[in-house]
Structures are given as structure tokens and as C-alpha cells.
Amino acid sequence: MRQTLSAGLVLYLVITGGFLAIDVPASRAAGSDLVSIQTPSGVTIKAEVADTPLKRSVGLMYRDQLKKDHGMLFFFGQPQAWNFWMKNTKIALDLIWIDGKKRVTHIERNVPICTKSDDSCPQYRPNSDDAVYVLEIAGGTVDGYKIEKGSKLQFGQP
């Protein structure tokens with residue numbers, strides 16, 4: 001009886017944990033703090049902050065949509081040429097690398113989704129190694145916000 005109860009409890013925890021894991025992106029989005037980013041065009045982007053290893057590794061994966069004036073700001077503790085890929089990302093994105101002075105150092109426009117199930121999705125890397133932030137916004141919107149290499153974005157410390 002004791003073994004059956006333990007096996008049943010383990011099965012219950014596995015099933016419950018599975019349901020909780022399915023809803024991670026939705027709960028993360030709902031409970032996240034947003035930072036306001038002013039663009040050169042005057043548009044304010046509301047960005048979720050990815051400042052922990054878990055938040056950075058999941059990013060915008062599994063999202064079906066992203067509002068035009070929303071995004072995700074990845075914050076790293078030190079400048080580097082941070083690589084990004086689109087595995088499990090269902091929406092095209094514009095990727096913007098930003099240095100410690102909040103100046104744009106590199107842009108990848110309209111990066112397509114990657115439907116490969118293995119780890120062979122292409123990686124996107126800036127031309128310099130001074131990025132402290134990377135901003136992901138809806139694909140095809142960066143030019144409308146007048147963001148280009150050298151532009152300064154305004155936002156508070158995440």
C-alpha cells in the first residue's frame with residue numbers, strides 16, 4: 001500500500017508539474033516588470049526584462065504574437081558579442097544590440113522563425129563585442145521606429 005501511495009504521489013507530481021510547465025510563457029509574461037524604451041521616432045516600446053539565465057534562455061519562445069509596441073530587453077552584466085537564435089520562436093523579430101551607453105551597435109532585421117526540431121537553427125551575432133543589452137521587437141518594425149546603428153535609445157536601468 002505504501003509503495004502504491006508513493007508511486008501515485010510521484011505520478012501526480014509529474015502530471016501537475018507538466019501542466020505548470022506548459023503555462024510558463026503565459027505566467028512569465030503576466031508577472032513580468034516592463035521597462036519603457038523611447039525610440040528616436042518618439043514611440044515608447046514596453047519591454048519585458050530578461051535579466052536571469054532562465055529568462056534569457058526562454059526569451060520570446062513559444063509566443064504566438066507580439067504587439068507592435070512591445071518587446072523583450074535582454075540585460076547582460078558585461079559587454080560581449082551575444083549570440084541569438086530563433087529556436088522555438090513562432091514570430092519573426094528584429095534584433096537590436098545595444099552598448100552600455102544605450103547606443104545601437106548592430107541590427108538584424110526581420111529574422112525569420114526556425115522550425116527545425118534539432119539545434120541547427122542559425123545564430124545571429126553582432127559585428128562588435130560591446131553589447132550589454134539586446135532588444136527584440138516585432139519583425140519589420142525597427143525602421144518605422146527610426147532605429148539604426150548609432151541611434152541612442154532611452155530607458156531606465158532594468
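The following questions and answers walk through a predicted model of one protein chain. Because the model is predicted, local features need pLDDT of at least 70 and side-chain atom pairs count only at pLDDT 80 or more, while totals for chains, interfaces and linings use all residues. Residues are numbered from 1 along each chain as its sequence is written, and side-chain values use heavy atoms, with hydrogens and water left out.

Reader: What percentage of the 158 residues is buried?
Author: A residue is called buried under 20% relative accessible area, exposed over 50%, and partly exposed in between, with a 1.4 Å probe and protein chains only. Counted in this way, the buried share of the 158 residues in the protein chain is 39%.

Reader: Which cysteines are joined by a disulfide, and what is the torsion about their S-S bond?
Author: A disulfide is a covalent bond between the sulfur atoms of two cysteines, and here it is taken as a pair of cysteine sulfur atoms within 2.5 Å. The disulfide is left-handed because the torsion about the S-S bond of C114 and C121 is about -90°.

Reader: Is K87 buried or exposed, and with which side chain does its own side chain make a polar contact?
Author: K87 is found in the loop between β4 and β5 (93-99), and K87 is buried, with a relative accessible area of 15%. Leaving aside neighbours within four places in sequence, K87 is in contact (heavy atoms within 4.5 Å) with residues including M61 and both C114 and C121. A polar contact is a pair of N or O atoms within 3.5 Å, where within protein one must be able to donate a hydrogen and the other to accept it, and residues adjacent in sequence count only if both atoms are side-chain atoms. At 2.5 Å, the partner of the K87 side chain in such a contact is the side chain of D119.

Reader: Which residues does Q154 touch beyond its neighbours in sequence?
Author: Q154 lies in the segment after β8 (131-138) and is exposed, with a relative accessible area of 53%. Not counting residues up to four places away in sequence, Q154 touches S36, I37 and Q38.

Reader: What is the phi of N110, and where does N110 lie?
Author: Most residues other than glycine have a negative phi. N110, which is partly exposed with a relative accessible area of 45%, is not a glycine and yet has a positive phi. The place of N110 is in strand β6 (residues 104-111), and its phi is about 50°.

Reader: What is the phi of K146?
Author: K146 is found in the segment after β8, where K146 is exposed, with a relative accessible area of 55%. K146 is a residue other than glycine with a positive phi, a value near 60°.

Note on methods:
Helices (H or I, at least four residues) and strands (E, at least two) are DSSP runs, numbered from the N terminus.
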